[in-house]
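Please look through the sequence and the model shown below. The paragraphs after it follow the strand pairing, the packing around it, and some individual residues.

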Amino acid sequence: MRLDVVPYGNPALRRQSENIKEINEEIITLIDDMAETMSLYQGVGLAAPQVGRSKMLFLINWDLIEHEKSGTQAIINPRILNAGEETEKQDEGCLSLPDVWAPVRRPSVIRVEYMDVDGNLITEELRGMPSRVFQHEYDHLLGILFIDRISTHERKNVKDILRSIMDGEITTSDEIEEIAQSESEIRSD
Ligand SMILES: [Zn+2]
C-alpha cells in the first residue's frame with residue numbers, strides 16, 4: 001500500500017523515533033509499504049517518520065546508489081558508532097522537502113550498526129554516497145532535517161520554497177505526478 005509522505009512542517013518529522021523491540025508483522029507491513037512508496041517516488045532512501053511513524057527504521061534503495069549492494073534494504077535500530085574527521089560537502093534533497101536542494105557538509109566515513117529485516121546485527125563501514133544517505137536517513141529518526149545542517153546563506157535561498165511547502169502550494173505528491181507523466185511520455189515516444 002502506498003503511504004503518504006508527510007511534508008516539511010508536519011510535527012512527525014521533528015519527533016525522536018523509538019527503537020523497534022520486535023520485527024513483527026506490523027513492522028514487516030510497514031517496511032513493505034515504505035518500499036512501495038519509495039519506489040514510486042524513485043527515492044534513494046525513506047525514513048519511517050516521513051510516513052508519520054516514529055520508529056527507528058529507514059530504507060535505502062541501493063539500486064540508485066553506486067555500491068556493491070543492490071535492491072531495497074531495511075535498516076532497523078541504526079546507530080552511528082563513529083565518524084571520521086574528514087568531511088565532504090554535497091547537494092542533498094528530501095522527499096519531504098520537494099524542490100529543495102542544498103549542499104550539506106557531512107563526515108565522509110562512518111562506522112554503523114543496525115539490524116536487518118531478519119534480525120541480524122550488522123556492523124559496517126560506509127563511505128561516499130552510502131555514508132551520506134545513511135546519515136541523512138538517520139537524522140530523520142532523530143527529528144533532524146538536512147536543512148538544519150546548511151549555512152544561513154543557503155537557508156535564505158530555500159526560504160521561499162519552504163514557505164510554499166508549508167502553505168501546501170508545493171506538495172510531496174507533485175513529484176509522483178511528474179514521474180508518472182515523464183514515464184507516459186517515454187512510453188508514447
Ligand atoms: Zn529526507
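The model is a predicted one, in which local features need pLDDT of at least 70 and side-chain atom pairs count only at pLDDT 80 or more, while totals for chains, interfaces and linings use all residues. Residues are numbered from 1 along each chain as its sequence is written.

Strand 3 and strand 6 run antiparallel and are joined by five bridges, and two strands are said to pair if DSSP finds at least two bridges between them. Met 115 also has a bridge partner in strand 7, namely Leu 121, and strand 6 is joined to strand 7 by seven bridges in an antiparallel arrangement. The hairpin of strand 6 and strand 7 has five residues between the strands, and in that hairpin Gly 119 takes a positive phi near 85°.

These pairings belong to an open sheet of five strands, ordered 1-2-3-6-7 with antiparallel pairing. Strand 1 and strand 7 (121–127) stand at the edges and have a single partner strand each, so one side of each is left without a neighbour in the sheet. On average, neighbouring strands of this sheet are turned by 40° against each other, direction ignored. Helix 1 packs on the sheet and touches strand 1, strand 2 and strand 3, its direction making about 40° with that of strand 2; here axes are lines fitted to C-alpha atoms, for helices over the stretch in contact, and angles run from 0 to 180 degrees between N-to-C directions. Helix 2 packs on the sheet as well, touching strand 1, strand 2, strand 3, strand 6 and strand 7, and its direction makes about 20° with that of strand 1.

What does the largest nonpolar core consist of? It has 36 residues, and those with the most contacts inside it are Leu 46, Leu 57, Phe 58, Leu 59 and Ile 75. Such a core is a set of buried Ala, Val, Leu, Ile, Met, Phe, Trp, Tyr and Cys residues joined through C-beta atoms within 7 Å, where a residue is buried if 20 or more other C-beta atoms lie within 10 Å of its own, exposed if 12 or fewer do, and partly exposed in between, with C-beta atoms placed from the backbone. At least two residues of this core come from each of helix 1 (25–41), strand 1 (45–47), strand 2 (57–61), strand 3 (72–83), strand 5 (97–107), strand 6 (109–115) and helix 2 (128–141). Ile 75, leaving aside its neighbours within four places in sequence, is in contact with Leu 57, Phe 58, Ile 60 and Tyr 114, a contact being two residues whose C-beta atoms, placed from the backbone, lie within 7 Å.

Strand 4 (residues 87–94) and strand 5 run antiparallel and are joined by seven bridges, and the two form a hairpin with two residues between them. Within this pairing, Lys 89 has Arg 105 of strand 5 as its bridge partner. Strand 5 also holds Asp 99, whose phi is near 75°, a positive value in a residue other than glycine; with 13 C-beta neighbours inside 10 Å, Asp 99 counts as partly exposed. Asn 77, which lies in strand 3, likewise has a positive phi, of about 45°, although it is not a glycine, and Asn 77 is partly exposed, with 18 other C-beta atoms within 10 Å.

Glu 154 lies in helix 3 (residues 152–166). Not counting residues up to four places away in sequence, Glu 154 touches Ala 102 and Pro 103. Glu 154 and Pro 103 are 51 residues apart in sequence, and their C-alpha atoms are 8.0 Å apart in space.

Taken as a whole, the protein has four helices and seven strands, following the pattern α-β-β-β-β-β-β-β-α-α-α along the sequence. Of its 189 residues, 31% count as buried, and among contacts between residues at least 6 apart in sequence, 63% join residues at least 24 apart. The C-alpha trace spans about 40 × 40 × 35 Å along its principal axes.
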